Each structure stands twice: as C-alpha cells, then as structure tokens.
Amino acid sequence: MKGTIQIRGLGKKYPIYRKPSHKLIELFSLRRVSRHAGHWALRDFDLDVAPGTTLGIVGQNGSGKSTLLQIVAGILSQTEGDCQVDGTVAALLELGAGFNPEFSGRENVYLNAAIQGLTRSEIDSRLEGILEFAGIGEFIDRPVKTYSSGMFLRLAFSAAIHVDPDILLVDEALAVGDLIFQHRCVNRIRRMRDAGKTILFVTHDLSALTRFCDRAILIDKCRKILDSSPEKVVHHYQELIYRRERRQAGQRDQYVEVGQDATLPVVSTIPSIHNRYGEGGARIKGILLHSPDGRVLNQVNAGEEALLLVSVDFRKDISDAIVGFTVRDHLGVEITSSNTSYEGVHLPAVKAGTTLTAGFRIRFPDVRPGSYSISPAVARGNIWEHTIEDWIDNAYIFNILETGLIYGMMRWPVQVSYRFHGGEEDLRQDVETQR
Ligand SMILES: Nc1ncnc2c1ncn2[C@@H]1O[C@H](COP(=O)(O)OP(=O)(O)O)[C@@H](O)[C@H]1O
Ligand SMILES: [Mg+2]
C-alpha cells in the first residue's frame with residue numbers, strides 16, 4: 001500500500017581510510033585491495049511504518065538519523081538489509097543532500113523531480129508553483145553552491161512538497177533560523193499529515209515532536225533503542241543525555257584554576273549543526289541548558305533560572321579567548337547575545353589540548369512563548385575586535401512555555417500607579433507646590 005515503509009536488518013557501513021593514500025591504493029587496484037576499516041552508521045535496523053503515520057525520530061548527533069533518511073530517500077545505498085518503500089518519496093534533507101551544488105536551482109528542481117518519477121511535462125506544469133513558494137527570485141538560475149542555507153531550504157522544501165509525494169522525509173531542516181518560511185513549512189507539513197501522507201520527521205525540537213507526531217523512535221549509536229509514543233521517547237531521550245553528561249562530568253579533569261567554578265561539567269552534545277564556521281583554533285564540543293538541579297532543559301518557564309553550558313576544545317594556545325552565545329526566536333530574529341568578556345569575565349590563557357566549559361547562569365525574562373535557538377561561539381580578541389574560531393548556528397533549541405499573556409515580544413517590568421486630578425485635596429496640593 002502506498003505510504004508503507006518496511007525495513008529489515010538494515011545496516012550502513014562507511015569506509016574509514018586511515019591514510020589518504022589508502023584511498024588511492026584502493027582506487028588504483030580497482031578495489032581488489034581493501035585498505036579501509038568500516039564504521040557502522042546504522043545497524044540491525046528494523047522499522048515498519050504504516051501509511052498516514054507521522055513518525056518522529058530523535059537521537060544524539062551522529063546516531064544515524066540522516067543516514068536512515070537518506071537510505072529511505074534512495075540517495076544512499078545500504079551495506080546490508082532491506083528497505084522497501086511503497087510510493088513516491090520527497091525529502092527535505094540536511095543541506096546539500098540530494099542536490100548538485102554545481103547545477104542551478106532550476107536544474108536541480110528538474111533533477112529532483114525526475115528522481116521522484118515525474119515526467120518533464122509534469123514538472124513544467126508545477127514549476128511556477130515551486131518557484132513562487134520558494135521565492136528566491138533570480139537565484140533560481142544560479143548554481144546552488146552560491147545559495148545561503150535559507151535559500152537552499154526554501155527551494156528544497158518547495159520542490160519536495162510540489163511533487164505531491166506519498167512519503168515526506170524532513171531532516172532537522174526546519175530549525176534553520178532565518179525564516180518566516182518556517183511557519184509556512186509547518187502549515188504545509190500539517191496539511192500533508194491531514195491528507196494522510198506518511199511523514200518521517202527528524203528533530204531536536206522535542207515539544208514539536210510531541211505536538212506533531214503519532215509515534216516516535218529513538219536512535220542511539222546506530223541502533224533503534226525505543227519505538228513508542230512521542231512522550232515516552234522524549235522522556236527516555238532526555239534521561240539518556242542526562243546520564244551521559246553526568247558520566248562525562250565524573251571523568252572530567254580535576255584541576256581547577258583560581259576564579260573558576262569546579263562544579264561545571266563538560267558537555268559533549270551538539271544537538272544540531274546547520275551552519276558552522278570559524279578559524280578552527282578552538283572547536284565547540286557541546287552545549288546544554290541545565291536546570292539548577294541538573295536536569296536537561298528543553299523547555300523553560302519565564303522567570304525560571306537555568307545554566308547554559310558551552311564546552312570548547314582548544315586546538316591552539318589562545319591567550320584571549322571569549323566564549324559566548326546568541327539567542328534567536330523561531331523567525332531567526334536575534335533576541336540577545338552575551339559572552340564571557342561582555343559579562344566581565346576574562347578567561348585566562350588556554351593551552352592547546354585543553355577543554356574549557358563556560359557556564360552562563362540565566363534568569364529567563366517574560367518573553368513570548370515559543371521555540372528559541374541558541375548559537376554558541378568561541379572567538380579570540382576582545383568584544384570590539386575579534387576573530388571567530390568556531391560558530392554554530394542554532395545548535396540548541398528550547399521552548400519557552402506559555403505562562404501568561406504577553407503582548408509583543410516581551411514583558412517589561414512595569415509598575416502601575418494612578419491618581420485622580422481635580423478633587424479639592426488635589427487642588428490644594430497643586431497650589432502648595434507652586435509656592
Ligand atoms: N559520508 C560519510 N562518510 C563517513 N562517515 C559518515 C558519513 N556520513 C555520516 N557518517 C557517520 O555516520 C554516523 C551517523 O551519521 P548521521 O547519519 O549523519 O547521524 P545523525 O544524522 O544522527 O547526526 C556518524 O558517526 C557519522 O560520522
Ligand atoms: Mg543528521
């Protein structure tokens with residue numbers, strides 16, 4: 001039946017080449033000599049999805065989620081096992097997957113639709129709708145490699161929904177932060193769900209997962225470890241991260257420098273990486289939002305206190321490091337930023353090979369409820385002049401819960417008083433002040 005997915009014993013092994021030259025040896029020997037060790041990205045994977053299901057998929061970075069979607073989409077072949085997909089598939093994958101960067105947007109639309117089995121005339125008749133929804137103007141005729149991540153996403157999403165697939169795959173893409181578009185995407189996906197399409201939805205936005213999905217799976221270290229209700233899966237996933245962070249905290253280096261907080265744990269999870277850049281002298285290792293009692297927070301109440309942890313691996317000696325973060329709302333609007341230097345904390349010189357964790361204690365103000373993202377960064381220099389060593393857009397997504405009516409973006413701390421003017425008492429006072 002259209003919209004059914006049946007996966008049995010699926011496995012994907014990526015080669016690891018120990019030295020670049022080994023890849024060449026293998027190529028020249030026409031693969032008779034195998035010099036690579038394998039790395040399993042997915043293993044012993046079974047999954048049945050009935051038509052009309054909206055299946056949420058969660059798991060830590062590197063657990064195998066994107067690999068799974070790419071195999072279902074047919075753009076990656078498995079090493080072992082069976083993946084049967086009944087019906088047409090449209091995929092909104094991580095940036096780049098399924099698109100040829102050298103081709104123009106228009107050529108990619110044709111290419112993509114042809115893969116979905118559409119004829120040239122079918123595509124012609126939909127092209128206008130695709131271009132209109134994407135709204136990227138003349139960029140449609142430029143190579144995709146010149147696109148910003150936002151433009152790419154608009155085109156990819158537009159192409160995906162216009163082929164009217166039986167199955168839609170969405171890989172984290174909606175968290176890309178510059179979009180009013182996001183809202184339209186969510187509406188479109190909701191409509192596809194209501195129309196009985198099968199949807200596989202990878203996300204780190206755990207509240208979207210529970211709102212949106214009928215069922216969810218948790219992937220960990222290339223295997224499916226839970227298949228249940230979204231609520232159960234979210235709970236289990238949060239516990240898993242929490243336990244893992246705790247264990248790492250127990251193993252952390254014990255030396256402490258003056259002025260530092262010895263209780264800060266190392267965090268090594270980056271929930272999502274969309275756009276990352278920097279000189280690379282230091283690399284962000286993890287980001288996490290903790291409650292004061294050490295729970296992983298994916299949602300907070302206005303007025304609640306939390307600890308934002310950002311761990312950084314230093315690859316070079318850096319004497320003037322700054323660690324900071326930017327918060328954006330679901331439309332990509334910057335809400336606030338801060339960093340160690342701005343808050344008056346000057347980090348001591350850091351040696352290559354060291355890991356440093358910065359903790360930012362935050363009391364959340366009364367801001368509009370909804371989904372927010374945190375982009376961590378590490379730089380060198382001062383707040384006026386610096387170079388970015390590593391920056392990750394929208395690495396951590398969390399929700400601020402509805403705690404009362406808020407007009408506009410935020411509630412200012414306002415105190416109201418009043419007084420009537422015109423009474424006898426009031427007139428006498430006015431006269432006295434005039435004297
Ligand atoms: N093209 C590739 N070559 C080698 N290893 C890869 C490749 N793509 C992914 N991997 C590895 O496979 C594992 C699963 O990756 P992925 O499916 O992207 O995970 P996720 O989407 O859950 O973050 C990771 O260990 C990753 O490093
Ligand atoms: Mg992925």
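Biologist: Is Cys222 buried or exposed?
Modeller: This is a predicted model, in which local features need pLDDT of at least 70, side-chain atom pairs count only at pLDDT 80 or more, and totals for chains, interfaces and linings use all residues; side-chain values use heavy atoms, without hydrogens and water. Residues are numbered from 1 along each chain as its sequence is written, while chains are lettered from A and ligands numbered from 1 in the order in which they are written. Buried means under 20% relative accessible area, exposed over 50%, and partly exposed in between (1.4 Å probe, protein chains only). Because its relative accessibility is 11%, Cys222 counts as buried.

Biologist: Where is Cys222 found?
Modeller: Strands (E, at least two residues) and helices (H or I, at least four) are DSSP runs numbered from the N terminus. Cys222 is found in the loop between strand 8 and strand 9.

Biologist: What is the phi of Cys222?
Modeller: Most residues other than glycine have a negative phi. Cys222 is a residue other than glycine with a positive value, near 70 degrees.

Biologist: Is Lys221 buried or exposed?
Modeller: Lys221 is found in the loop between strand 8 (215-220) and strand 9 (223-228). Its phi is also positive, near 45 degrees. With a relative accessible area of 58%, Lys221 is exposed.

Biologist: Which residues are linked with Arg215 in a network of salt bridges?
Modeller: A salt bridge is a side-chain nitrogen of Lys or Arg within 4 Å of a carboxyl oxygen of Asp or Glu. The network that includes Arg215 also holds Lys224 and Asp227.

Biologist: How many salt bridges does a search of the whole structure find?
Modeller: One of them joins Arg8 and Asp48, with the closest N and O atoms 2.9 Å apart. That pair links strand 1 (residues 5-16) to strand 2 (residues 37-49), 40 residues apart. For the whole structure, the number of salt bridges found is 19.

Biologist: Which residue forms a salt bridge with Arg328?
Modeller: Arg328 is in strand 14, and its partner is in the loop between strand 18 (386-392) and strand 19 (396-400), 65 residues apart. Both residues are buried. The closest N and O atoms are 3.3 Å apart, and the partner is Asp393.

Biologist: How many of the residues of helix 2 are buried?
Modeller: The buried residues include Lys65, Gln70 and Ala73. Helix 2 (residues 65-73) is largely enclosed by the rest of the structure, because the buried count is nine of the nine.

Biologist: Which residue just after helix 2 takes a positive phi?
Modeller: Helix 2 covers residues 65-73. The phi in question is about 85 degrees, and the residue is Gly74.

Biologist: Is the crossing of helix 3 and helix 4 left-handed or right-handed?
Modeller: The axes, lines fitted to C-alpha atoms over the stretch in contact, with angles from 0 to 180 degrees between N-to-C directions, come within 10 Å and cross at roughly 130 degrees for helix 3 (residues 105-115) and helix 4 (residues 120-134). A crossing is left-handed if the near helix is turned anticlockwise from the far one by less than a right angle, and right-handed if clockwise. The crossing of helix 3 and helix 4 is right-handed.
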